[in-house]
Amino acid sequence: MTYKAWTEGDNLQSVRHDYVDGLNGAVSVPAKVSGAKWSTQEDGGHTPRLKVTPTGKGVAHCLLVGGDNRVLDQRTGAAGRPVTCSAQR
């Protein structure tokens, strides 16, 4: 599945995503972010999750897309506030 995060009006402060890491099972890790866009492809398992925090008064967006290109969740946060996308599969 694809995890995408972006901001409008400012940059990303932090991104944290939950995914399946082989034999380790489900893990939640902070991503290395720089600028206003971030994305990765991982095995989302049964409960993929993505939390995006903007800097300043930026507006954060998150998007989870399944392997079949179906949107599982897409959200837009309030200015300066984090936003979380999640899905049950």
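Visitor: Why is Asn69 called exposed?

Guide: Exposed means over 50% relative accessible area, buried under 20%, and partly exposed in between, with a 1.4 Å probe and protein chains only. Asn69 has a relative accessible area of 68%, so it is exposed. This is a predicted model, in which local features need pLDDT of at least 70 and side-chain atom pairs count only at pLDDT 80 or more, while totals for chains, interfaces and linings use all residues. Residues are numbered from 1 along each chain as its sequence is written, and side-chain values use heavy atoms, with hydrogens and water left out.

Visitor: What is the phi of Asn69, and where is Asn69 found?

Guide: Its phi is positive, about 65°, although Asn69 is not a glycine. Most residues other than glycine have a negative phi. Asn69 sits in the loop between strand S6 (59-65) and S7; strands are DSSP runs of E with at least two residues, helices are runs of H or I with at least four, and both are numbered from the N terminus.

Visitor: What lies 2.9 Å from a polar atom of the Asp73 side chain?

Guide: The backbone nitrogen of Ser86 does. Beyond residues up to four places away in sequence, Asp73 touches Cys62, Leu63, Leu64, Thr84, Cys85 and Ser86, where contact means heavy atoms within 4.5 Å.

Visitor: What makes the pair His61 and Glu8 a polar contact?

Guide: A polar contact is a pair of N or O atoms within 3.5 Å; within protein, one must be able to donate a hydrogen and the other to accept it, and residues adjacent in sequence count only if both atoms are side-chain atoms. The side chains of His61 and Glu8 make such a contact at 2.5 Å. His61 is in strand S6, and its relative accessible area is 9%, so His61 is buried. Leaving aside neighbours within four places in sequence, its contacts include Trp6, Val52 and Arg75.

Visitor: How many helices and strands does the protein have, and how do you know how compact it is?

Guide: The protein has zero helices and eight strands. Its radius of gyration is 12 Å, close to the 12 Å of the globule rule for 89 residues, so the protein is as compact as a globular protein of that length. The radius is taken over C-alpha atoms, and the rule is 2.2 Å times the number of residues to the power 0.38.
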